[in-house]
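These are my notebook entries on one structure. I record what I looked up, entry by entry.

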Amino acid sequence: MFFYVLGDTKVIAAVYGPKAGTRKNENPEKACIEVIWKPKTGQSGKPEREYEMVLKKTLQSICLLNVHPNTTTSIVIQVVNDDGALLPCAINAACAALVDAGIPLKHLAVAICCCMNEGGHILLDPSKIEEQKVKGFVYLVFPNSIVSMVPQESLRAGGELMEHGIITSVTHGMMAVDDYFSCLKLGRAAAAELSDFLRNSLKLKAGNDPSKAG
Amino acid sequence: MGGSVNGGATDLSSEMEVDAFRRLFPLRFHERHLVESVRPDARPLGKARETSLALGAVGSADGSALAKIGCTTMLAAIKMEVMTPTTEAPDEGCVAIDFHMPAICSPIVRPGRPAEAAPVVSKQLSDTILSSGMIDLKQLSLVSGKAAWMAYLDIYCLDADGALFDAALLAAAAAFSHLQIPVVSLNDDGRIVVVSKQNEVEKLKNKPVNEEKRKLKLKSIPFALTCILHKNYILADPTAEEESIMETLITIVLDSSCQLVSLNKPGGPALAYESVVQDCIALSRQRVRELQTILNEAISDMEVD
């Protein structure tokens with residue numbers, strides 16, 4: 001269970017599993033990830049379905065699915081308060097919850113929201129009001145920086161760092177192609193900082209909790 | 001040592017029938033093609049399937065279109081209804097978009113159970129269409145604060161063979177360009193009524209409200225291209241088989257002036273590096289031009305008839 005707070009946006013992520021068996025239409029040779037999105041009030045509709053799908057595919061890409069084949073891990077996201085950048089907040093929460101539950105992961109995912117206002121300035125992590133006012137916004141998810149003994153590990157063939165690859169990108173509203181790339185650059189820098197924060201807070205947690213240490 | 005799975009598959013491929021190999025080792029089957037820069041359906045990697053468009057496919061709708069990209073078939077139809085606009089936007093109409101996936105469209109969809117993909121595509125469609133500014137909602141106003149049009153756009157997937165969103169968006173844009181807004185007039189009670197062909201008498205009595213505004217002016221129509229990222233390859237416009245085997249999809253929506261409307265990559269095992277995203281955008285630019293000509297041809301064919 002993990003409680004993630006980003007300004008006034010609050011999300012609780014809970015992980016249950018791995019439980020035996022997968023659902024129909026899922027590959028039993030791999031672990032199955034199931035995401036249940038609970039909105040703050042009311043029933044879940046189309047936006048929640050979209051969040052579930054994006055979150056599920058994002059988490060699938062960071063989990064080591066071959067470790068527990070034919071199992072299902074459920075992630076329940078309860079929105080406590082929405083004040084903008086809800087999906088990035090939920091992704092960070094879910095990721096931390098997976099670590100807390102001890103689900104094997106390749107790396108962490110770091111999510112960030114960048115938005116482009118009318119003047120061409122880029123804001124990070126907007127509030128709900130800002131989100132409605134701006135021209136367009138992007139949710140970006142990057143892998144966290146790998147601390148590896150072997151420096152080549154974090155490099156791809158083209159010389160691009162692995163943490164520069166986008167796991168997930170969701171945009172709303174119009175923007176120029178160049179603006180997208182400047183959002184990408186800024187988001188990447190912010191994600192690196194956030195990645196260090198996540199790493200440190202998870203280290204602290206592991207240190208305090210003797211059952212999780214080691 | 002021939003114990004590894006890969007080694008085994010290579011050995012088998014020479015003695016096995018192609019269809020059996022395709023079913024047993026789908027990923028290896030596709031990768032073998034990719035090395036030769038060709039796909040199982042004989043397309044080069046960056047080429048989309050043949051696309052066709054027919055306007056006015058549904059007689060009872062106010063605007064409709066049938067779009068086909070390869071085998072993926074989408075039927076879009078618009079029904080217009082008069083409604084009272086909200087107080088926040090008294091001189092704007094409204095567009096309601098819904099995407100349906102009946103059981104006939106794919107073997108994965110079971111009857112009686114809603115397809116998982118349908119609400120997601122539906123949400124993405126309405127986000128894209130509304131944020132692209134293709135439709136100026138002010139054009140849907142009839143009498144400010146009193147009456148405005150509500151456009152119900154329903155898109156039915158008749159055959160789901162990959163790149164659903166691309167085909168659905170094309171069908172939606174085509175249906176809007178085919179849309180013929182019904183003539184309405186104010187009756188004696190001050191109510192808006194649709195002028196049908198039968199009651200010509202009424203037409204003479206009450207002047208129509210919107211005689212000139214029968215067509216929507218669409219600005220900057222958005223077009224989408226879905227690509228698969230697999231290793232170093234980029235495959236444009238995937239089929240359902242390719243989508244199920246190589247899971248990283250990226251959908252780029254550009255409008256006619258090449259502004260980015262949406263760039264959607266929901267997870268997937270492959271990471272999208274900046275150079276890859278640039279390549280995908282270049283492919284989409286090309287595709288936008290292709291789709292624009294297809295749409296323009298369909299519209300001019302319609303006008304000739």
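**Entry 1: a loop residue.** I looked up Gln43(A) and found it in the loop between β3 (32–38) and α1 (46–62) of chain A. The model is a predicted one, and I read every value below as computed from it. Is Gln43(A) buried or exposed? Its relative accessible area is 77%, and the cut-off for exposed is over 50%, so Gln43(A) counts as exposed.

**Entry 2: chain A as a whole.** I counted the elements next, and chain A has four helices and eight strands. Reading from the N terminus, I wrote their order as β-β-β-α-β-α-β-β-α-β-β-α. Chain A has 214 residues, and 49% of them count as buried. Its accessible surface comes to about 10100 Å², and carbon and sulfur atoms account for 54% of that. I also looked up the contacts in chain A between residues at least 6 apart in sequence; 74% of these join residues at least 24 apart.

**Entry 3: the open sheet.** Which strands form the open sheet, and in what order? I found four strands of chain A in the order β6-β5-β7-β8, with antiparallel pairing. At the edges are β6 (122–124) and β8 (168–173) of chain A, each of which pairs on one side only. On average, neighbouring strands of this sheet are turned by 20° against each other, direction ignored.

I then examined the pair β5 and β7 of chain A. Strand β5 covers residues 109–116 and strand β7 covers residues 136–143; they run antiparallel and are joined by eight bridges. In this pair, Ala109(A) stands opposite Pro143(A) of β7(A).

**Entry 4: strand β4 and its partners.** I noted a general point before going on: strands of a sheet pair through backbone hydrogen bonds, in either the parallel or the antiparallel sense. In which sense does β4(A) pair with β2(A), and in which with β3(A)? With β2(A), strand β4 (residues 71–81) of chain A pairs in the antiparallel sense over nine bridges. Here Lys10(A) has Asn81(A) as its bridge partner in β4(A). With β3(A), strand β4(A) pairs in the parallel sense over seven bridges. I found Trp37(A) opposite Ile77(A) of β4(A).

**Entry 5: a surface patch.** I looked up a nonpolar surface patch of about 240 Å², which is made by Phe3(A), Val5(A) and Val80(A). Phe3(A) belongs to strand β1 (residues 2–6) of chain A. Its relative accessible area is 46%, so Phe3(A) is partly exposed.

**Entry 6: salt bridges.** How many salt bridges does the structure hold over all chains? The number is 17, and I looked up three of them individually.

- Glu34(A) and Arg23(A) meet through their side chains at 3.3 Å, N to O. Glu34(A) lies in strand β3 and Arg23(A) in the loop between β2 (9–20) and β3 of chain A, so the pair ties together parts that are eleven residues apart in sequence. Glu34(A) is buried at 18% relative accessible area, whereas Arg23(A) is partly exposed at 43%.
- Glu52(A) and Arg49(A) meet at 3.5 Å, N to O. Both are in helix α1 of chain A; because they are three residues apart there, about one helical turn separates them. Glu52(A) is buried at 15%, while Arg49(A) is partly exposed at 35%.
- Arg49(B) and Asp161(B) meet at 3.7 Å, N to O. This pair links distant parts of the chain, 112 residues apart: Arg49(B) is in the loop between α3 (26–35) and β1 (51–55) of chain B, and Asp161(B) is in the loop between β6 (147–159) and α5 (164–178) of chain B. Arg49(B) is buried, with a relative accessible area of 8%.

Methods. Residues are numbered from 1 along each chain as its sequence is written. Chains are lettered from A and ligands numbered from 1 in the order in which they are written. This is a predicted model: local features need pLDDT of at least 70, side-chain atom pairs count only at pLDDT 80 or more; totals for chains, interfaces and linings use all residues. Side-chain values use heavy atoms; hydrogens and water are left out. Two strands pair if DSSP finds at least two bridges between them. Helices (H or I, at least four residues) and strands (E, at least two) are DSSP runs, numbered from the N terminus. Axes are lines fitted to C-alpha atoms, for helices over the stretch in contact, and angles run from 0 to 180 degrees between N-to-C directions. Patches are made of residues with over 30% relative accessible area and no salt bridge: like charges are joined within 9 Å, nonpolar side chains (Val, Leu, Ile, Met, Phe, Trp, Tyr) within 5 Å. Accessible areas come from the Shrake-Rupley method with a 1.4 Å probe; for residues, only the protein chains shown count as cover. A salt bridge is a side-chain nitrogen of Lys or Arg within 4 Å of a carboxyl oxygen of Asp or Glu. Buried means under 20% relative accessible area, exposed over 50%, partly exposed in between (1.4 Å probe, protein chains only). Contact means heavy atoms within 4.5 Å.
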